[in-house]
Amino acid sequence: MPAVGDGEERPLRLVTFLEGGEPRLGALRGEGARQEVVDLNEILKTAIQNIRGSLPSIPEIDFKGAPKKVLVKVVPDHLQQILLNLVQNAIKAAQGTALPKISIRIFDVGFEVADNGVGMTSEILEKVFQPFFTSFKDGSGLGLSICQRLVHFNEGKITIVSTPHVGTRVTVQF
């Protein structure tokens with residue numbers, strides 16, 4: 001007997017979620033997910049440690065925390081998923097550079113992930129949040145769509161600034 005959420009129902013629920021429908025996916029949001037007031041410094045520091053331990057051949061991440069606590073109301077698992085997706089994209093984008101650089105900076109209402117990778121054209125930037133759109137050869141096209149939905153679920157804002165052959169900066173604000 002298939003587990004709940006397996007089979008044909010999962011892709012339909014995923015598309016519904018990504019297109020702005022009710023975010024009820026257990027896999028993406030967790031049943032009963034609740035926002036909590038958390039310190040962005042602490043939760044991102046822990047998430048970065050987890051990423052370093054789980055991703056192969058990760059370049060050095062320059063992490064700059066805020067000098068004081070940055071309290072935000074979010075679902076902690078969402079925040080970790082957002083950061084993971086953004087760091088994975090930064091790693092892919094910076095792979096072709098001689099000296100890949102990824103930085104994460106926390107500021108008073110959010111954080112940014114920046115890389116010195118391939119960057120994106122304005123045509124690509126217009127499509128990056130569309131489900132299943134990808135500019136990576138091996139991408140699924142779901143990472144930024146999921147990020148956007150999770151950020152919006154947590155009443156935040158996500159913006160991307162990118163220059164081809166220079167790099168990309170993604171800013172998340174809560």
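Author: Start with arginine 169, which is partly exposed, with a relative accessible area of 36%. Keep in mind that this is a predicted model.

Reader: Which side chain does arginine 169 meet in a salt bridge?

Author: As a general idea, side chains of opposite charge can pair when their charged atoms come close. Here the partner of arginine 169 is glutamate 112, at 3.5 Å from N to O.

Reader: Is glutamate 112 buried or exposed?

Author: Glutamate 112 is buried, its relative accessible area being 12%. The pair also belongs to a network of salt bridges that links Arg105, Glu112 and Arg169.

Reader: How many salt bridges does a search of the whole structure find?

Author: The search finds five. One of them joins the side chains of glutamate 60 and arginine 52, with 3.7 Å from N to O. Glutamate 60 counts as exposed, at 61% relative accessibility, while arginine 52 is partly exposed at 38%. Another joins aspartate 62 to lysine 64 at 2.8 Å.

Reader: What is the strand order in the open sheet?

Author: The order of the five strands is β2-β4-β5-β7-β6, and the pairing is mixed. An edge strand pairs on one side only, and here the edges are β2 (61–64) and β6 (157–163). From one strand to the next, the twist averages 10°.

Reader: Which strands does helix α3 touch where it packs on the sheet?

Author: Helix α3 (residues 40–54) touches β2, β4 (102–107) and β5, and its direction makes about 170° with that of β2. Helix α6 (residues 143–153) also packs on the sheet, where it touches β6 and β7. The direction of α6 makes about 145° with that of β6.

Reader: Which residues of α6 are buried?

Author: First the general idea: an α-helix has 3.6 residues a turn, so residues three or four places apart point the same way. In α6 the buried residues are Leu144, Ser145, Ile146, Cys147, Arg149, Leu150 and Val151. The helix is followed by glutamate 155, whose phi is positive, near 60°.

Reader: How many residues does the largest nonpolar core have, and which have the most contacts inside it?

Author: In soluble globular proteins, nonpolar side chains tend to be buried together. The largest nonpolar core in this model has 37 residues, and those with the most contacts inside it are Leu40, Leu44, Ile82, Leu83, Leu86, Phe111 and Val113. Elements that give two or more residues to this core are α3, β3 (71–74), α4 (76–94), β4, β5, α6, β6 and β7. The largest share, seven residues, comes from α4.

Reader: Beyond its neighbours within four places in sequence, what is phenylalanine 111 in contact with?

Author: The contacts of phenylalanine 111 include Leu40, Leu44, Leu79, Ile82, Leu83 and Leu86. Also among them are Arg105, Ile106, Val170, Thr171, Val172 and Phe174.

Conventions
Residues are numbered from 1 along each chain as its sequence is written. This is a predicted model: local features need pLDDT of at least 70, side-chain atom pairs count only at pLDDT 80 or more; totals for chains, interfaces and linings use all residues. Side-chain values use heavy atoms; hydrogens and water are left out. Two strands pair if DSSP finds at least two bridges between them. Helices (H or I, at least four residues) and strands (E, at least two) are DSSP runs, numbered from the N terminus. Axes are lines fitted to C-alpha atoms, for helices over the stretch in contact, and angles run from 0 to 180 degrees between N-to-C directions. Contact means heavy atoms within 4.5 Å. A nonpolar core is a set of buried Ala, Val, Leu, Ile, Met, Phe, Trp, Tyr and Cys residues joined through side-chain atoms within 4.5 Å. Buried means under 20% relative accessible area, exposed over 50%, partly exposed in between (1.4 Å probe, protein chains only). A salt bridge is a side-chain nitrogen of Lys or Arg within 4 Å of a carboxyl oxygen of Asp or Glu.
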